Amino acid sequence: MERLQKVLARRGVASRRKSEELISSGRVAVNGIVVRELGTKVDPDRDEITVDGEVIKKKEKVYLVFHKPLYCITSKTDPQGRPTVMDFLPQEYKDLHPVGRLDWDTEGLLLLTNDGALTFKLSHPSQEIEKTYLVWTESSVGQKEIKRLTGGIRLEDGPTHPAKARLLEPGLIELKIHEGRNRQVRRMMGALNLPVKRLQRISVGPIKLMELPAGKYRHLTPGEIKVLKGLKGD
Ligand code: URA
């Protein structure tokens with residue numbers, strides 16, 4: 001059982017405080033009976049809740065994989081008016097939240113969802129979810145640099161954990177890291193004097209970007225959702 005105002009807020013009717021006002025003013029009914037008492041508890045799975053006679057349905061959970069293009073920020077809004085990842089989604093998905101972030105000038109896989117529990121889980125450092133990046137650099141890269149990336153690099157906020165790195169082509173590295181520190185890949189590369197020309201994330205845990213074009217999204221499959229929810233730490 002949960003407090004009525006909490007359920008209303010979660011279903012996007014209004015903030016919790018405004019939902020309390022709706023209840024006090026007699027606009028909310030539970031199973032057809034108007035409820036004005038603020039402490040009222042409901043069973044969100046069974047009780048029918050209406051506001052002004054309109055049924056307030058349970059929100060479906062939505063899980064998207066988005067291919068973030070260059071030059072937009074991973075945020076719901078931007079006070080400076082720069083484009084955000086939300087600009088690429090239809091209105092019906094404006095209440096989703098990005099899971100983690102990619103820099104303004106990083107492309108690639110970004111998950112968005114309204115499942116708060118999954119967002120929390122995937123963002124928590126203890127989860128150590130592996131993220132794979134393709135890193136293009138102008139400088140020549142040898143086995144010495146690959147070894148250093150793999151072993152861990154001293155950054156201002158502490159050494160990085162061991163990573164997996166391999167040279168795919170001259171100047172193109174595949175890097176797999178478990179942490180999600182701010183600008184981590186760029187800072188790791190910077191520490192080796194390897195300026196990043198282009199950075200693209202191609203996977204987060206079991207989810208892969210594949211052929212999804214930049215600026216487009218797709219829904220996670222039920223199988224992908226299941227695997228994400230079942231990752232270590234549940
Ligand atoms: N590391 C970075 O430096 N930037 C990103 O956007 C993601 C990982």
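## Ligand site

An oxygen atom of the ligand lies 2.9 Å from an N or O atom in the side chain of Thr106, a polar contact being a pair of N or O atoms within 3.5 Å. Taken alone, the ligand exposes 240 Å², of which the protein buries 96% (Shrake-Rupley areas, 1.4 Å probe). Residues around the ligand, with a heavy atom within 4 Å of it, include Leu102, Asp103, Tyr133, Val185, Arg186 and Leu199.

## Model and numbering

This is a predicted model, in which local features need pLDDT of at least 70, side-chain atom pairs count only at pLDDT 80 or more, and totals for chains, interfaces and linings use all residues. Residues are numbered from 1 along each chain as its sequence is written, and side-chain values use heavy atoms, without hydrogens and water.

## Domains

An automatic or database assignment divides the chain into domain 1 (2-55), domain 2 (63-126 + 207-229) and domain 3 (130-204). The C-alpha centres of domain 1 and domain 3 are 50 Å apart.

## Nonpolar cores

The largest nonpolar core has 30 residues; such a core is a set of buried Ala, Val, Leu, Ile, Met, Phe, Trp, Tyr and Cys residues joined through side-chain atoms within 4.5 Å, where buried means under 20% relative accessible area (1.4 Å probe, protein chains only). Among those with the most contacts inside this core are Leu112, Val135, Ile173 and Met188. Domain 2 and domain 3 both contribute residues, so the core lies between them.

A second, separate core of 15 residues includes Leu118, Leu122, Val204 and Leu209.

Methods
Buried < 20%, exposed > 50% of the residue type's maximum accessible area, 1.4 Å probe, protein only. Polar contact = N/O pair within 3.5 Å; in protein donor to acceptor, adjacent residues only side chain to side chain.
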